[in-house]
Amino acid sequence: MRATVAGDDRSSNFSVSATFDPDLTPLLSSVGTEYSLVRGFDTVLSPLTVSGRETLGVQFPRVTGTHSVTWRDYTFTHAHDLNLDQAETARESGTVSFSVGNRAGRATNWQLAYGGAYDLRRGGFTRPALTGTLTTSRPGQRLNTSLSYNLPGLDQPHAELGRAALDGEWQRGRFSVSGYASYTRVRSGAAPEDKPTDTYTFEPLRLGVALGKAEQPSVYLTAALRQRLVYVDGQRQGDDPLAPVLGFTLDRCCWAMQGEWDVVKGRYRLTVGLPGQFYPLLEGGPEGTRVPLIPSLSRPADPVR
């Protein structure tokens, strides 16, 4: 059931709703509100838009909501998703975040956000982080960068860089050149004896070419250099050299197939994609061949004699 009150020009409205489930007791499943308000002397150049929605679960106590204020090119947003009936052993109730950025769809788009996991029982963030993203694009060119800095919280005593990534691409006609680099830090164990695991992923050069019709290519071939370095508590794990990786993508109207071969490691994989989901068909390497969808067809590598 929903009741809505709208302004004369229909740009502003307020709604109250309730959902009932006849198979449950009590019948009332959730209640919610939704609103939108547009005000400004110049509704084209300088409007002020306030909008949001809030939902309270009754059958399963949970509160979710998103609220935003947009003025000119800037949008301020608050979002939360919190469980009101968490278990005694649970350390988190859900997530809470606050963000500011310019409007989506701009050629240069940025956003700065603060938030993370939140515990209602203890009244604070457990693992907060300050994140920032910047995306700039021009015809045939794209540059993305993102960064996440972990801040001290109830279950996170460290203030440190948690993630960083840089991704760029240049495209002209059927040919493209791109590069990628990322860093992530994950801690295991309880503080102060927890150990960090640092992962560096590099793909400094990736070349691509599209084959098929000019307006809609059906085959994409790629050749890239790739390296992945892992450090546990400052000690490097394994010996992963900079290796060439060859790949292809077959793009049809309603399905796609992707394949990849790591020349140095001898690893390969084949996947098929349907709308909204990719499924692994074949994976293999020095340890043998694996068929994820039909495990009985998997074969280990022959032992070295």
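A residue is called buried when its relative accessible area is under 20%, exposed when it is over 50%, and partly exposed in between. The model described here is predicted. Its chain has 305 residues, of which 25% are buried.

**Secondary structure and overall dimensions**
- The chain contains 21 strands and 0 helices.
- Its radius of gyration is 25 Å, whereas a compact globule of 305 residues would have a value near 19 Å.
- Along the principal axes, the C-alpha atoms of the chain fill a box of roughly 75 × 55 × 45 Å.

- Of the contacts in the chain between residues at least 6 apart in sequence, 28% join residues at least 24 apart.

**Cysteines**
- A disulfide is a covalent bond between the sulfur atoms of two cysteines.
- A search of the whole structure finds 0 disulfides.
- Cys253 is in no disulfide, and the nearest cysteine sulfur, that of Cys254, lies 3.7 Å away.
- Cys254 is likewise in no disulfide, its nearest cysteine sulfur being that of Cys253, 3.7 Å away.
- Is Cys253 buried or exposed? Cys253 counts as exposed because its relative accessibility is 77%, and the cut-off for exposed is over 50%.

Terms used
Residues are numbered from 1 along each chain as its sequence is written. This is a predicted model: local features need pLDDT of at least 70, side-chain atom pairs count only at pLDDT 80 or more; totals for chains, interfaces and linings use all residues. Side-chain values use heavy atoms; hydrogens and water are left out. A disulfide is a pair of cysteine sulfur atoms within 2.5 Å. Buried means under 20% relative accessible area, exposed over 50%, partly exposed in between (1.4 Å probe, protein chains only). Helices (H or I, at least four residues) and strands (E, at least two) are DSSP runs, numbered from the N terminus. The radius of gyration is taken over C-alpha atoms; the globule rule is 2.2 Å times the number of residues to the power 0.38. Contact means heavy atoms within 4.5 Å.
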